[in-house]
Amino acid sequence: GEVSDPADPIEGRSHWAFRPLHREAPQFDSEWARSPIDRYIWDQLKERAMEPSADAGRETRLRRLYIQLTGLPPSPDAIESFKADSHPTAWRAQVDQLIHSPDFGVRWGRHWLDLARYADSNGLDENFLFREAWRYRNWVIDAVNQDVPYDRFLELQLAGDLLPYQSIEERDWQRIASGFLVVGPKVLLGIPRERQRMEVADEQLDTIGRTVLGMTIGCARCHDHKFDPIPTADYYAMVGILTSTEVMEQRYMLGQQRVMERLVGLGEDGGQLNRAYEAYWRSLPKVKSNRKDAEAGLAFLKKQDASGLKDLVGKNEKAVTRLALDSNKEWDERVVLQEEYLEGLTRTIANPPAIPARAMIPTDRPETRDEAIRRAGQYNRKGPVVPRGFLQVMDSGMGFEGEDKGSGRLSLARWLTDREGGAGHLAARVLANRIWYHLMGRGLVRTLDHFGRTGARPTHPELLDYLASELIASGWSVKHLIREIVLSRAWGLDSVLNPAHAERDPENLWFGRGTRRRNEPEVLRDGMLLIAGELDRTPMESSVWYLGDQATAVGANKNRRRTDFKARSIYLPVIRNDLPEVFEAFDFADPHLTTGARPKTMAATQGLFMMNDPMVMELAERTVERLGETGGEARMDAFYWRIFGRGPTSRERADGLQFVEETRRHLRSIKDEHSERNAWALAVQAMFASSAFQYLD
C-alpha cells in the first residue's frame, strides 16, 4: 500500500531490505542442482517453464574462473593440465588454487577500491597529489588476500586508528586501513573551515551509506528522505560521528600553510621524523631570508663596515653568526666564520630531509560533538542539536558502546555488521549481492548501491537471503562465498543465447545461462602484458613518486602521470581528472564516487584505442617474438591458445593465415624489412582488438 510518511523509520522496517534474513527452502528438488544455490535458480526457471542452458565447455569455464578470480587469463599449460585431470575434485582444487593465489587480492581488492573511491590525487579545485595513498591501496590487496572477515575489515576501514594494538607494526597496519576515510575528494580552496568539515563528513557518510548499506543517506541532508526511511535527524546523528573525526591538517605546501589531507608518521620514530620534516618546510622561507641577509653581512665584514653590520643585526639577528660579531677577532677571521655560516645555510636549503614513511590516517578531534541539524543543509543555519547515533530503521537502541568515549566511529563500524541491534542483515545482503554481481554478471538486486524503495527489488529474494546468511555463518568470509558460487552449476552455464531464452528472458534475469560481459580495462591490459611475456607481477609501492605536489598543474603540465609500468594495472596512477588512457577508453570507475557497477559503453574510441595505442602495438610485436618461428598453422594455433584460451576453428585458422599472407605481400611491396614479423604482429593486434579477447563468455 501507500506509505503515509516515506521517511518514517518505524514504518520503513517493513521494506524488504531492512527485514531480518529469512531462508526459505526451494520448492522443487532437481537432479540438475549441485548446490543450494542451484536449487533456488532451478526453482525460478521451473516457475517460468524454462530450461537452463548446457554447461559451458571446460576451457570456457577455466578462462571464466581465471579472469574472475585473478584478472589474468590461464596459460596454455594451465589449460592442458586442467583438461588432462579427470579427477572429480579437479575443479574444486583449481578454485582453491586461484582463491589462494596473490593475484586474487589484486582482482578483488580492486572491486573494493572502486567502492572506496580510491585515487592518488585529491581532484576537484587544487588537484594535489596523495603521495601516500598507495599504502591504503596495498593494504586492501593484502587484507583481501588474507580474507580478513568483512566485519573486522569494516572496523579497520572506519576506526583502525582507534583499535588497541600489541606492537608498532600492528598499530600501523590498523591505522593505514582507516585511510578509507581520508582518500575521498575534498574542496580545498576558498571554503570556510566549518563548511569544509560538513562537506567532508557528507562525502564520507554518502560513501559509507552506498558502499556498506546500499543506502543514499546523503539525500537526507536538507530534508527528510523523499523515499527511504531516513529522517533528517538520522543524517545529522551519523554526520556528528564524522565531524568529530579529523581527516585534514594544516601543512606547509607550495610556499604557504594550507589545510591538506592528514598524514601520520609510521614506525617507531615516525611521529618525530614527521614533525622534523614538517618543521623543515615551515622554517624554509625564514632560512632563505636569513641566507639573503647573511650574504649582506658577509659584504659588510669584507668592507670592515662595523655600523652597517650593527644595523643589519638589529633588523635580523640571524643574519650574522655570533662568532663573526666578536670584535676582538681579526676581520679576516670573522669573514671566514661568516662564510662557513653562509655555507651551512646554503646546504640546509639544498638538502631537504627525505620524506618520512607516513600514511593518510584520521584521528578523533579533541572535542567530539553532537551536530546541529542544518536548515536546508546549509552549514551556517543551525537548528536543534541531535545526539550522535545510527539509522533508527535498523537500530534497536544499541547506541554508543560504553568504551567509545570518542567520535563514535568504532560503534558505527560495529553497528554496520551487528545482526542483533544493527544493520548486519542489510550489510550482508549488500555484500552478497556485490559478490554475485562480479561472478554472475548481474546482481540479484540490479541496483548494487541502492537497496532503497526506488532501487530494484531482488529477482531471487530467498537466494539473496541464503547467500547473506552463508556469509554471516562463515564468519563474514568473502572467499567462502566466492567458492560457494563458483562451485555451483549455475555459475558454469554456457552463455550462448538460445531462442527460448531470447524470447522469455532476454536480460537473463533468471540466470538460465551464463552472462557474457566485457572485460575491464585492467583485464585487457594485464592480459596483453602477460601474453607478451612482459607482465611483472611484483607488488608495486608508489607509482606517483616523480610527480609534483600538484598532480595536474595549472597551465602547461610538463610532468604527467606515467603509464609505462609493466606492473598489474591496479598499481597505475589514478589521478582524478587525468586517468590513464586505457582506463578512460574502457569505462574505469569514476574515482570521485562510490562505484558498485562500472558503466558499460560500446564506443568507437575503444576500437580506435586498440588499433592505435603504441603499447598495444608493442605488445603484439613482443607476443610474436615470444612465440618463435614455428610454421604457419602451428603458429596460428599457438596464438589462439595463448590469447583466447582455445584452439581456432578450421575457418578461423584459414582466415587468419590468409590475412597474414596478404599483409606480408603488401608490406614487402612497400619495402618493409620486417614484413614477416609485422604481418603476424598485425594479426595478433587484431586478435587483441577482437570481441573474443575483450569479452568473457
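How many residues apart in helix α10 are Arg210 and Asp206? They are four residues apart, which puts about one helical turn between them. This report works through that pair and several other features of a predicted model.

Helix α10 covers residues 193-213. Arg210 counts as partly exposed because its relative accessibility is 27%. Asp206 also counts as partly exposed, because its value is 22%.

## Salt bridges elsewhere

The count of salt bridges comes to 60. Arg365 and Glu246 supply one of them, at 2.4 Å from N to O. This pair links distant parts of the chain. Arg365 sits in the loop between β6 (363-364) and β7 (371-374). Glu246 belongs to strand β1, residues 245-246. Are Arg365 and Glu246 buried or exposed? Both are buried.

Another salt bridge joins Glu371 and Arg369. Here the closest N and O atoms are 3.3 Å apart. Glu371 is buried, with a relative accessible area of 2%. Arg369 counts as partly exposed, at 22% relative accessibility. Salt bridges can also form a network. Asp103, Arg525, Asp526, Arg537 and Arg568 are linked in this way.

## Around Ser244

Ser244 is found in the loop between α11 (232-243) and β1. The Ser244 side chain reaches the backbone nitrogen of Arg369 at 3.0 Å.

Which residues does Ser244 contact, leaving aside its neighbours within four places in sequence? They are Thr363, Asp364, Arg365, Thr368, Arg369, Arg388 and Ser407. Two residues from the salt bridges above return here: Arg365, the partner of Glu246, and Arg369, the partner of Glu371. Both Arg365 and Arg369 are in contact with Ser244.

## Helix α4 and its buried face

Helix α4 runs over residues 76-84. Its buried residues are Pro76, Ala78, Ile79 and Phe82. Seen down the helix axis, these buried residues fall within an arc of 160°, so they line one face of α4. The face turned away from the buried side carries the exposed residues Asp77 and Ala84.

What covers the buried residues of α4? The cover includes α3 (58-70), α5 (90-99) and α24 (632-644).

## Aromatic pairs

A pair of aromatic rings is described by the distance of the centres and the angle of the planes. The count comes to 26 aromatic pairs. In one of them, Phe82 of the buried α4 set pairs with Trp91. Their ring centres are 5.7 Å apart. Their planes stand at 55°, so the pair is tilted. Phe82 and Trp91 are both buried.

Trp112 and Tyr150 form an edge-to-face pair. The centres are 6.4 Å apart, with 80° between the planes. Trp112 lies in helix α6 (residues 102-115) and Tyr150 in helix α8 (residues 150-159), so the pair ties together parts that are 38 residues apart in sequence. Trp112 is buried, with a relative accessible area of 8%. Tyr150 counts as buried at 5% relative accessibility. Which residues do ring pairs link into a cluster? Trp112 and Tyr150 are joined there by Trp139, Phe153, Trp173, Phe180 and Trp476.

## Cysteines

A disulfide is a covalent bond between the sulfur atoms of two cysteines. How many disulfides does the structure hold? The number is zero. Cys219 is in no disulfide, and its nearest cysteine sulfur is that of Cys222, 9.4 Å away. For Cys222, also in no disulfide, the nearest cysteine sulfur is that of Cys219.

Cys219 is partly exposed, with a relative accessible area of 36%. Cys222 counts as partly exposed too, at 41% relative accessibility.

Terms used. Residues are numbered from 1 along each chain as its sequence is written. This is a predicted model: local features need pLDDT of at least 70, side-chain atom pairs count only at pLDDT 80 or more; totals for chains, interfaces and linings use all residues. Side-chain values use heavy atoms; hydrogens and water are left out. Buried means under 20% relative accessible area, exposed over 50%, partly exposed in between (1.4 Å probe, protein chains only). Helices (H or I, at least four residues) and strands (E, at least two) are DSSP runs, numbered from the N terminus. The arc is that of the directions from the helix axis to the C-beta atoms. Contact means heavy atoms within 4.5 Å. A salt bridge is a side-chain nitrogen of Lys or Arg within 4 Å of a carboxyl oxygen of Asp or Glu. A polar contact is a pair of N or O atoms within 3.5 Å; within protein, one must be able to donate a hydrogen and the other to accept it, and residues adjacent in sequence count only if both atoms are side-chain atoms. A disulfide is a pair of cysteine sulfur atoms within 2.5 Å. Rings of Phe, Tyr and Trp (its six-membered ring) pair if their centres lie within 6.5 Å; planes under 30 degrees apart count as stacked, over 60 as edge-to-face and the rest as tilted.
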